[in-house]
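Open the structure in your viewer and keep the sequence panel beside it. The tour moves from one selection to the next and says what is there.

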Amino acid sequence: MPLDELLRRNEARPRADHVPEEYIRSSWKRFHHVMFRPLNPEDPNGNLLKRMIADPYVRVTPVRGESDVFACNFTREAFLEGRWNTRTINARGL
């Protein structure tokens, strides 16, 4: 999402939910180039959703009411068996 849109949405939030602007700017600067790099649709390593779906320790479910938003969570087995990898770690925060 463009930085200006993130800042606009933050300004529209109630004051109690407002995030400091500098935090938004620094987070966007730090993560934007990694999370939103151009992807080659033919490269299975470039499509995060396909990698999450293929991982047996990640559960991917569509978000109700949305056509292109998915929730990714690590499975109980990942937690109990310590099956931590890039995808299960990422699923903790997606």
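The stops below cover salt bridges, one tryptophan, the aromatic rings and a surface patch.

**Before selecting anything**

This is a predicted model, in which local features need pLDDT of at least 70 and side-chain atom pairs count only at pLDDT 80 or more, while totals for chains, interfaces and linings use all residues. Residues are numbered from 1 along each chain as its sequence is written, and side-chain values use heavy atoms, with hydrogens and water left out.

**Stop 1: salt bridges**

Side chains of opposite charge can pair when their charged atoms come close. Here a salt bridge is a side-chain nitrogen of Lys or Arg within 4 Å of a carboxyl oxygen of Asp or Glu. Searching the whole structure gives six salt bridges.

Select glutamate 5 and arginine 8. Their closest N and O atoms are 2.7 Å apart, and the two form a salt bridge. Both sit in helix α1 (residues 3-12), three residues apart, so about one helical turn separates them. Helices are DSSP runs of H or I with at least four residues, strands are runs of E with at least two, and both are numbered from the N terminus. Glutamate 5 is partly exposed, at 22% relative accessibility. For this tour, buried means under 20% relative accessible area, exposed means over 50%, and partly exposed lies in between, with a 1.4 Å probe and protein chains only.

Next select arginine 15 and glutamate 11. This salt bridge has its closest N and O atoms 3.8 Å apart. Arginine 15 is exposed, at 60% relative accessible area, and glutamate 11 is partly exposed, at 47%.

Then go to glutamate 81 and arginine 83, whose side chains meet in a salt bridge at 3.3 Å, N to O. Glutamate 81 is partly exposed at 43% relative accessibility, and arginine 83 is partly exposed at 40%.

**Stop 2: tryptophan 28**

Select tryptophan 28 in helix α2 (residues 21-35). Which residues does tryptophan 28 touch, not counting residues up to four places away in sequence? They are Met1, Pro2, Leu3 and Leu6, where contact means heavy atoms within 4.5 Å. Tryptophan 28 is partly exposed, at 26% relative accessibility.

**Stop 3: the ring cluster**

Rings of Phe, Tyr and Trp (its six-membered ring) pair if their centres lie within 6.5 Å; planes under 30 degrees apart count as stacked, over 60 as edge-to-face and the rest as tilted. The structure holds two aromatic pairs. Phenylalanine 74 and phenylalanine 79 are stacked, because their ring centres are 6.4 Å apart and their planes are at 20°. Phenylalanine 74 and tryptophan 84 have ring centres 4.9 Å apart and planes at 80°, so this pair is edge-to-face. Phenylalanine 74 lies in strand β2 (residues 70-74) and tryptophan 84 in the loop between α4 (76-81) and α5, so the pair ties together parts 10 residues apart in sequence. Show Phe74, Phe79 and Trp84 together to see the cluster that the ring pairs form.

Phenylalanine 74 is partly exposed at 24% relative accessible area, phenylalanine 79 is exposed at 52%, and tryptophan 84 is partly exposed at 35%.
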